[in-house]
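Hi,

Here is the model I promised to send over. Have a look at it first, and then read on for what I found in it.

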Amino acid sequence: MEENIPALSSAPTVTHCSACYVSVLSEDAFCNNCGYPLKGTEEEQANFKADLAVKEIDLLDYKEKIDKAGKRLYLTAGLLGLGTILDGIKLRGTPYLMAGIILDLIVCAAFIFLGAWSKRKPFAALVSGISLYGIVIILQVIDDPVNIIKGILIKIFIIACLIDGIKAAIAAEKIKKETHLT
Ligand SMILES: [Zn+2]
(Lines give C-alpha, C1' and ligand atoms only; values in the text may rest on other atoms or scores of the structure.)
Protein backbone atom coordinates (compact mmCIF):
# COMPACT_ATOMS: atom_id res chain seq x y z
CA MET A 1 0.00 0.00 0.00
CA GLU A 2 2.95 2.25 0.61
CA GLU A 3 4.19 2.63 -2.91
CA ASN A 4 2.37 3.98 -5.90
CA ILE A 5 2.00 0.92 -8.04
CA PRO A 6 1.54 1.74 -11.71
CA ALA A 7 -1.87 0.92 -13.10
CA LEU A 8 -0.53 -1.95 -15.22
CA SER A 9 0.63 -4.31 -12.48
CA SER A 10 -2.61 -4.79 -10.55
CA ALA A 11 -5.02 -3.50 -13.18
CA PRO A 12 -7.24 -1.59 -10.78
CA THR A 13 -10.61 -0.48 -12.04
CA VAL A 14 -11.47 3.16 -12.41
CA THR A 15 -14.41 4.40 -10.40
CA HIS A 16 -15.59 7.79 -9.22
CA CYS A 17 -15.13 9.55 -5.92
CA SER A 18 -18.60 9.93 -4.48
CA ALA A 19 -17.70 13.26 -2.88
CA CYS A 20 -16.15 15.20 -5.77
CA TYR A 21 -16.91 12.86 -8.70
CA VAL A 22 -13.40 12.77 -10.19
CA SER A 23 -12.01 9.44 -11.41
CA VAL A 24 -10.23 7.36 -8.79
CA LEU A 25 -8.73 3.91 -8.79
CA SER A 26 -10.48 1.14 -6.91
CA GLU A 27 -7.34 0.51 -4.87
CA ASP A 28 -6.99 4.12 -3.65
CA ALA A 29 -7.66 4.58 0.05
CA PHE A 30 -8.27 8.30 -0.35
CA CYS A 31 -9.43 10.43 -3.26
CA ASN A 32 -6.44 12.25 -4.75
CA ASN A 33 -8.53 15.29 -5.44
CA CYS A 34 -10.55 15.89 -2.28
CA GLY A 35 -9.20 13.42 0.27
CA TYR A 36 -12.47 11.49 0.59
CA PRO A 37 -11.87 8.24 2.53
CA LEU A 38 -12.76 5.82 -0.28
CA LYS A 39 -12.00 2.85 1.97
CA GLY A 40 -13.26 4.47 5.16
CA THR A 41 -16.18 3.35 7.27
CA GLU A 42 -19.65 4.58 6.48
CA GLU A 43 -19.41 6.99 9.39
CA GLU A 44 -16.06 8.41 8.24
CA GLN A 45 -17.48 8.90 4.77
CA ALA A 46 -20.63 10.58 6.08
CA ASN A 47 -18.57 12.87 8.31
CA PHE A 48 -16.33 13.79 5.42
CA LYS A 49 -19.28 14.70 3.24
CA ALA A 50 -20.94 16.72 5.99
CA ASP A 51 -17.69 18.58 6.56
CA LEU A 52 -17.31 19.22 2.84
CA ALA A 53 -20.87 20.57 2.65
CA VAL A 54 -20.11 23.00 5.48
CA LYS A 55 -16.93 24.14 3.75
CA GLU A 56 -18.82 24.61 0.51
CA ILE A 57 -21.30 26.90 2.26
CA ASP A 58 -18.44 28.75 3.97
CA LEU A 59 -16.74 29.22 0.63
CA LEU A 60 -19.88 30.77 -0.86
CA ASP A 61 -20.03 33.11 2.10
CA TYR A 62 -16.39 34.12 1.62
CA LYS A 63 -16.91 34.65 -2.08
CA GLU A 64 -19.79 36.98 -1.29
CA LYS A 65 -17.57 39.01 1.06
CA ILE A 66 -14.79 39.17 -1.54
CA ASP A 67 -17.30 40.30 -4.13
CA LYS A 68 -18.59 43.00 -1.77
CA ALA A 69 -15.05 44.22 -1.09
CA GLY A 70 -14.37 44.36 -4.83
CA LYS A 71 -17.44 46.55 -5.23
CA ARG A 72 -16.13 48.84 -2.47
CA LEU A 73 -13.02 49.38 -4.56
CA TYR A 74 -15.24 50.56 -7.41
CA LEU A 75 -17.15 52.74 -4.95
CA THR A 76 -13.84 54.25 -3.82
CA ALA A 77 -12.97 55.00 -7.43
CA GLY A 78 -16.35 56.68 -7.84
CA LEU A 79 -15.96 58.77 -4.69
CA LEU A 80 -12.47 59.85 -5.72
CA GLY A 81 -13.82 60.74 -9.15
CA LEU A 82 -16.45 62.87 -7.48
CA GLY A 83 -13.71 64.44 -5.35
CA THR A 84 -11.81 65.24 -8.53
CA ILE A 85 -14.75 67.23 -9.85
CA LEU A 86 -15.03 69.12 -6.55
CA ASP A 87 -11.27 69.74 -6.49
CA GLY A 88 -11.48 70.92 -10.08
CA ILE A 89 -13.99 73.56 -9.04
CA LYS A 90 -11.92 74.51 -5.98
CA LEU A 91 -8.61 74.69 -7.83
CA ARG A 92 -9.97 76.40 -10.93
CA GLY A 93 -7.59 79.03 -12.18
CA THR A 94 -4.68 77.81 -9.99
CA PRO A 95 -1.53 76.18 -11.37
CA TYR A 96 -2.37 73.00 -9.42
CA LEU A 97 -5.51 72.23 -11.38
CA MET A 98 -4.04 69.99 -14.08
CA ALA A 99 -1.62 68.21 -11.75
CA GLY A 100 -4.39 67.64 -9.21
CA ILE A 101 -6.79 66.24 -11.78
CA ILE A 102 -4.19 63.98 -13.37
CA LEU A 103 -3.13 62.57 -10.00
CA ASP A 104 -6.76 62.00 -9.00
CA LEU A 105 -7.51 60.23 -12.26
CA ILE A 106 -4.51 57.94 -11.89
CA VAL A 107 -5.58 56.93 -8.39
CA CYS A 108 -9.16 56.58 -9.57
CA ALA A 109 -8.07 54.28 -12.41
CA ALA A 110 -5.95 52.26 -9.98
CA PHE A 111 -9.02 51.51 -7.84
CA ILE A 112 -11.03 50.47 -10.90
CA PHE A 113 -8.19 48.17 -11.92
CA LEU A 114 -7.97 46.69 -8.40
CA GLY A 115 -11.73 46.17 -8.34
CA ALA A 116 -11.52 44.16 -11.54
CA TRP A 117 -8.39 42.30 -10.43
CA SER A 118 -10.06 41.29 -7.14
CA LYS A 119 -12.15 38.81 -9.11
CA ARG A 120 -9.05 36.83 -10.04
CA LYS A 121 -6.58 37.57 -7.25
CA PRO A 122 -8.73 38.76 -4.36
CA PHE A 123 -6.06 38.72 -1.66
CA ALA A 124 -3.44 40.68 -3.62
CA ALA A 125 -5.98 43.11 -5.03
CA LEU A 126 -7.68 43.84 -1.71
CA VAL A 127 -4.40 44.26 0.19
CA SER A 128 -3.21 46.66 -2.54
CA GLY A 129 -6.57 48.42 -2.38
CA ILE A 130 -6.51 48.97 1.36
CA SER A 131 -2.87 50.15 1.20
CA LEU A 132 -3.62 52.61 -1.56
CA TYR A 133 -6.69 53.82 0.29
CA GLY A 134 -4.56 54.36 3.40
CA ILE A 135 -2.10 56.44 1.37
CA VAL A 136 -4.94 58.49 -0.11
CA ILE A 137 -6.31 59.21 3.37
CA ILE A 138 -2.86 60.19 4.68
CA LEU A 139 -2.34 62.56 1.72
CA GLN A 140 -5.76 64.09 2.28
CA VAL A 141 -4.92 64.66 5.96
CA ILE A 142 -1.55 66.19 5.09
CA ASP A 143 -3.35 68.46 2.66
CA ASP A 144 -5.83 69.50 5.33
CA PRO A 145 -6.03 67.88 8.81
CA VAL A 146 -9.78 68.45 8.88
CA ASN A 147 -10.03 65.73 6.23
CA ILE A 148 -9.50 63.09 8.94
CA ILE A 149 -13.12 63.48 10.07
CA LYS A 150 -14.56 64.33 6.67
CA GLY A 151 -16.61 61.40 5.47
CA ILE A 152 -15.28 59.30 8.36
CA LEU A 153 -18.25 56.93 8.23
CA ILE A 154 -17.74 56.24 4.55
CA LYS A 155 -14.05 55.64 5.19
CA ILE A 156 -14.83 53.17 7.97
CA PHE A 157 -17.50 51.59 5.75
CA ILE A 158 -14.92 51.04 3.01
CA ILE A 159 -12.01 49.94 5.23
CA ALA A 160 -14.13 47.51 7.30
CA CYS A 161 -15.40 45.85 4.15
CA LEU A 162 -11.93 45.60 2.64
CA ILE A 163 -10.61 43.98 5.83
CA ASP A 164 -13.55 41.57 5.74
CA GLY A 165 -12.73 40.77 2.14
CA ILE A 166 -9.06 40.15 2.90
CA LYS A 167 -9.95 37.77 5.75
CA ALA A 168 -12.43 36.01 3.47
CA ALA A 169 -9.80 35.71 0.72
CA ILE A 170 -7.37 34.03 3.14
CA ALA A 171 -10.05 31.67 4.46
CA ALA A 172 -11.29 30.84 0.95
CA GLU A 173 -7.77 30.06 -0.22
CA LYS A 174 -7.33 27.69 2.71
CA ILE A 175 -10.56 25.83 1.96
CA LYS A 176 -9.71 25.63 -1.74
CA LYS A 177 -6.34 24.13 -0.92
CA GLU A 178 -7.86 21.60 1.50
CA THR A 179 -10.80 20.52 -0.60
CA HIS A 180 -9.99 21.44 -4.21
CA LEU A 181 -13.35 23.18 -4.34
CA THR A 182 -13.35 26.14 -6.69
ZN1 LIG B 1 -12.91 13.25 -4.29
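This is a predicted model: local features need pLDDT of at least 70, side-chain atom pairs count only at pLDDT 80 or more; totals for chains, interfaces and linings use all residues.

**How the helices pack**

Let me start with H3 and H4: helix H3 (residues 97-117) packs against H4 at an angle of about 155 degrees, and their axes are 8 Å apart. With an angle over 145 degrees counting as roughly antiparallel, H3 and H4 are therefore roughly antiparallel to each other. Their crossing is left-handed. On the H3 side the contact is made by Val107, Ala110, Phe111, Leu114 and Trp117, which meet Pro122, Ala124, Ala125, Ser128, Gly129, Leu132, Tyr133 and Val136 in H4. Sorted by class, that contact has eleven nonpolar and two polar residues, and no charged ones.

Next pair: H4 (residues 122-143) with H5 (residues 152-179). These two pack at an angle of about 155 degrees with their axes 9 Å apart, and H4 and H5 are therefore roughly antiparallel to each other. The crossing of H4 and H5 is left-handed. From H4, the residues involved include Phe123, Leu126, Val127, Ile130 and Ile137; among their partners in H5 are Lys155, Ile158, Ile159, Leu162, Ile166 and Ile170. By class, the H4 contact with H5 has 14 nonpolar residues, three polar and one charged.

So where does H2 come in? Helix H2 (residues 42-90) packs with H4 at an angle of about 30 degrees, with the axes 11 Å apart. That makes H2 roughly parallel to H4, and the crossing of H2 and H4 is left-handed. Ile66, Ala69, Gly70, Leu73, Thr76 and Leu80 are the H2 residues in this contact, and they meet Pro122, Ala125, Leu126, Gly129, Tyr133, Val136 and Gln140 in H4. The tally there is nine nonpolar, four polar and no charged residues.

**What the record says**

The UniProt entry, which is unreviewed, lists residues 97-116, 123-142 and 148-170 under "transmembrane region". In the model, residues 97-116 are 100% helix and 0% strand, with the end C-alpha atoms 29 Å apart. Residues 123-142 are likewise 100% helix and 0% strand, and there the end C-alpha atoms lie 29 Å apart.

**The whole chain**

Stepping back, the protein has five helices and two strands. From the N terminus on, the elements run α-β-β-α-α-α-α. The radius of gyration is 25 Å, well over the 16 Å that the globule rule gives for 182 residues, so the protein is more spread out than a compact globule. Along the principal axes, the C-alpha atoms fill a box of roughly 85 × 30 × 20 Å.

Cheers

How values were computed. Residues are numbered from 1 along each chain as its sequence is written. Side-chain values use heavy atoms; hydrogens and water are left out. Axes are lines fitted to C-alpha atoms, for helices over the stretch in contact, and angles run from 0 to 180 degrees between N-to-C directions. Helices (H or I, at least four residues) and strands (E, at least two) are DSSP runs, numbered from the N terminus. Angles under 35 degrees count as roughly parallel, over 145 as roughly antiparallel, 65 to 115 as roughly perpendicular and the rest as oblique. A crossing is left-handed if the near helix is turned anticlockwise from the far one by less than a right angle, and right-handed if clockwise. Contact means heavy atoms within 4.5 Å. Ala, Val, Leu, Ile, Met, Phe, Trp, Tyr, Cys and Pro count as nonpolar, Asp, Glu, Lys and Arg as charged, and the others, Gly among them, as polar. UniProt positions are given in the numbering used here, feature names are shortened, and annotations may be inferred rather than shown by experiment. The radius of gyration is taken over C-alpha atoms; the globule rule is 2.2 Å times the number of residues to the power 0.38.
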